[in-house]
Amino acid sequence: MLPWLVAVAPFGLVIGVTAGHSSIPSAVGWFTGPAIYGGSAQIAAIQLLDSGAAAASVIATVLVINLRLVLYSAALARYWRGTPLWWRLLAGYLLIDPSFVVGIRRYEHHRWAYAAARQGDQRLTPDVGLGDLRSSHAFYFGGAVVLWVGWLIALGVGTVVGARVPEGLHLELLVPLYLVGQVVPDLRQRATRRAVVVSSVVVGACIAAPLNLGIVVGITAGLAAGYLTSLKDRPGPTATPAPSAQEHQL
Amino acid sequence: MSPWFVILVAGIGSYAMRICMTLTDRLIVPPRLEASAEMVAPAAFAALASASLTPLVFSATGLSAAAPVVLAVAAAVAGTAGTGKPYVAMLAGMPTYWVAAALM
């Protein structure tokens, strides 16, 4: 989890700086961390609140961006079956891209080891039986807590520093540039490329729409265009995607 | 509506998404949602970037104000495409903006 923490900490700083620079109270910007706990959704919420968007628009945008969490939840559900309710409630709160990637790898390793042991008619030892599943739970939970604490610290530092950065540096450009950097590696796939282009163009065309509704309209239009393109490219639905190491951090 | 309340509601909704599948075995992810999921983040990021950059470019007074932003984005795209590392966008884009703005 430490490499992830190093990778996402600058992003937390950027979000904190953005919150410190925005018109909303810095504490509200920081509060997006423990409440929403997802970098891209946090940035969206801060930017939309800063521009005076309607509450419904902010909430809808956050939920659309975080929709992928449903898939992560579905992927981990099979491993968390049988755990206490309190554990699932707490572990679910810590679920985000890095914790999912690190956690699911560990759980799948356990599943493969378990299947291999059964296939080879070996006696199940704690290393490949329930004992290993418990250690996978501990691995996920420990890593996720470290990430969560590191993320909130980075946000806090960014929020404090951000309010003191000179206006002349134009750090308001930092977030759009960050977003550009996140999008570019995804442009190899035709469907994603089309989703990105349509989304950008529609938002640009709807920039004067009231309550910043253009963003929600743009995302929806982009997803529709991407989905239609993917139908042409591959007839059947794909399997649950697991985010790559370069995928959107937090 | 208070921004605190908006963030809280958005947070509760996000939390519900995180735990919904782990609390029951009956929910099934619709295939259409699965197929579109990998495009949500890029589409949302592009929308947010466009919403930030469009006013900077089109409300700029003259080429000298708009050009640094365009050049910064171009440098960000080129830097990321060349290295495959997303953070290069900021490392390439911001200095390009500062230099271009100083020159124009």
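Predicted model: local features only at pLDDT ≥ 70, side-chain atom pairs only at ≥ 80, totals over all residues.

Me: OK. How many helices and strands are in chain A?

Reply: Eleven helices and zero strands. Those are DSSP runs numbered from the N terminus (helices are H or I, at least four residues; strands are E, at least two).

Me: And what's the mean pLDDT of chain A?

Reply: It's 81, and 81% of the residues of chain A reach 70 or more. pLDDT is the predictor's confidence in each residue, from 0 to 100.

Me: Now the interface. How many residues of chain A are in contact with chain B?

Reply: 77 residues of chain A, against 58 residues of chain B. Contact here is C-beta atoms, placed from the backbone, within 7 Å. By class, the chain A side has 51 nonpolar, 23 polar and three charged residues. For the classes, Ala, Val, Leu, Ile, Met, Phe, Trp, Tyr, Cys and Pro are nonpolar, Asp, Glu, Lys and Arg are charged, and the others, Gly among them, are polar.

Me: Which helix of chain A gives the most to that side?

Reply: Helix 9 of chain A, with ten residues.

Me: How does helix 4 of chain A pack with helix 1 of chain B?

Reply: At about 30°, with their axes 9 Å apart. Axes are lines fitted to C-alpha atoms, for helices over the stretch in contact, and angles run from 0 to 180 degrees between N-to-C directions. So helix 4 of chain A is roughly parallel to helix 1 of chain B (under 35 degrees is roughly parallel, over 145 roughly antiparallel, 65 to 115 roughly perpendicular, the rest oblique). The contact has eight nonpolar, two polar and no charged residues.

Me: And at what angle does helix 6 of chain A pack with helix 1 of chain B?

Reply: About 140°, with the axes 8 Å apart, which means helix 6 of chain A is oblique to helix 1 of chain B. On the helix 6 side the contact is made by A:Arg88, A:Leu89, A:Gly92 and A:Tyr93. B:Tyr15, B:Arg18, B:Ile19, B:Thr22 and B:Leu23 are the helix 1 residues.

Me: Switching topic: is A:Ser199 buried or exposed?

Reply: Buried, because A:Ser199 has 32 C-beta neighbours inside 10 Å. The cut-offs are 20 or more other C-beta atoms within 10 Å for buried, 12 or fewer for exposed, and partly exposed in between, with C-beta atoms placed from the backbone.

Me: What does A:Ser199 touch?

Reply: Not counting residues up to four places away in sequence, A:Ser199 touches A:Gly218, A:Ile219, A:Ala221, A:Gly222, B:Ala43, B:Ala46 and B:Ala47. A:Ser199 lies in helix 10 of chain A, and its C-alpha is 6.1 Å from that of A:Ala221, 22 residues apart in sequence.

Conventions
Residues numbered from 1 in each chain as written. Chains lettered and ligands numbered in written order. Contact = placed C-beta atoms within 7 Å.
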